[in-house]
Amino acid sequence: MNEKRYLFVVLILASFLAAIPVAALEVPGDLDGDNVVSVQEMDQAQEDYQKGDLDLDGLEEIRHIHESYPRTVADSAGNEVTIYKPLERVVALNKAAVEVMRSLDAEDLIVAVDQNTAEEPVFFPELSGLPNVGSLSSPDTEAVLEQHPDAVIHYATVMVSGGDQLQADLESADPSIAMIRLDLSKPESYVQEVEALGLLLEREEEAGEYLDFYNASTVGISEKVAGLDEDEKPRVYLEIWGEYKTASASSASHQKLAMAGGRNIFENLSTTYPVVDPESVIVEDPDVIIKLCGAGDVQIGGYGDDALSEMEALRDGIIARPGWGEISAVKDGRVYVISNDVLSGAKHFIGVAYLAKILHPELFEDLDPVAEHQEYLTRFQGLDYDLGEHGAFIYPPIEA
């Protein structure tokens, strides 16, 4: 083979090899490339340590992987996720996952976040400054790969196409990156997802402690609500961010309302988040009206707002809608504005406590949602945030 032809072959081979995805996964102690430290490989590590070829820290790392890995869970998208060594670098595109990781004392593993998290410096002061790898609908795959993550967390049922595309891109570029699809915001799957994340992060004990707090809140409410007859539950018009945009029984918003002991007047509509005619609300004559703010067209309230004036104005506008003065909720003064910051995402159960207090003040006379909210922020989120001085979460304010 002449020199020119040899050089051509070398260049072609180099291009081919460069196109092959390079897996970043390297499991300490794994000698045969199956990502698992076997008994024989553990024995070899022990022998290397005795010969001075491996230090004590290295030996203990290999022993830990041998005893504790692999770890496998089923995520909420139906995928089987296997972790072969402790996670050290996590890209979290799910804001709820960021919050739960902080509750599990695992926020130090996060190396990059999504756009939504980056835009909340008050609630995520230490995390909003991390690299921003884009939105849920169109995450930047290159920016994700630049972080050299062990795992990426995306939602399972929110912005599904964006998550699917990112998962396909990562599997093509580096199949060693674990793609974890968890919502961590829906009541029906919340406990199982927190347990799964705790297992993958080696935070089982922290997950147990956190879920004890969660269950103490939700079970205490559900047990009392379960004892009510249907006619003892107030009929509620729930309006989310857009005007006259409500929620049917297929929505997470409806589930939270039901958890708190309310009856959704539009639960039987076929669309998940339908827009209704204003007259239909008057005809239904709800006992309570709840307006959600802090997202969509109503960007007010929440952790970054220390005044209730805008929520008050929003409530006044609802009361002043043509013909609504005849609705029972308006006549009885049972019109409330509540922030999306507490009714959605990882802390939705805090919002459920506020709702329960609104809907059944006598039944939940001893319930103090503000105290529960404060404990969550201080104990699990590690925030120096005093609810007595900051935040706008519900109007009119409720008494403990």
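Tyr190, Tyr210, Phe213, Tyr214, Phe349, Tyr376 and Phe380 form one aromatic cluster in this predicted model. Rings of Phe, Tyr and Trp (its six-membered ring) pair if their centres lie within 6.5 Å; planes under 30 degrees apart count as stacked, over 60 as edge-to-face and the rest as tilted. Residues are numbered from 1 along each chain as its sequence is written, and side-chain values use heavy atoms, without hydrogens and water. Local features need pLDDT of at least 70 and side-chain atom pairs pLDDT 80 or more, while totals for chains, interfaces and linings use all residues.

Across the whole structure, 16 aromatic pairs are found. Phenylalanine 123 and tyrosine 303 form a tilted pair, with 4.8 Å centre to centre and 40 degrees between the planes. Phenylalanine 123 lies in the loop between helix 5 (115–118) and helix 6 (141–146), and tyrosine 303 in the loop between strand 9 (288–293) and helix 12 (309–319), so the pair ties together parts that are 180 residues apart in sequence. Helices (H or I, at least four residues) and strands (E, at least two) are DSSP runs, numbered from the N terminus. Both phenylalanine 123 and tyrosine 303 are buried (under 20% relative accessible area with a 1.4 Å probe, protein chains only; over 50% is exposed, and partly exposed lies in between).

Tyrosine 190 and tyrosine 210 form an edge-to-face pair, at 6.5 Å centre to centre and 65 degrees between the planes. Tyrosine 190 sits in helix 8 (residues 190–200) and tyrosine 210 in helix 9 (residues 204–226), 20 residues apart. Tyrosine 190 is buried, at 0% relative accessible area. Tyrosine 210 is buried too, also at 0%.

Strand 3 (residues 90–92) and strand 4 (residues 110–113) run parallel and are joined by 3 bridges; pairing requires at least two DSSP bridges. Valine 91 stands opposite alanine 112 in strand 4. The chain passes from strand 3 through helix 4 to strand 4 in a right-handed β-α-β crossover.

The largest pocket holds about 1,300 Å³ of space. A pocket is an open set of points on a 1 Å grid over the protein atoms alone, where a 1.4 Å probe fits, with protein on both sides within 12 Å along at least five of seven lines; lining residues have an atom within 4 Å of a point. Its lining comprises 45 residues, and Lys95, Trp241, Ala295, Asn340 and Ser344 lie nearest the centre. Helix 10 gives the largest share of this lining, 4 residues.

Key
Points joined across faces, edges and corners; volume = space filled by probe spheres on them. Right-handed = clockwise from strand over helix to strand, strands pointing away.
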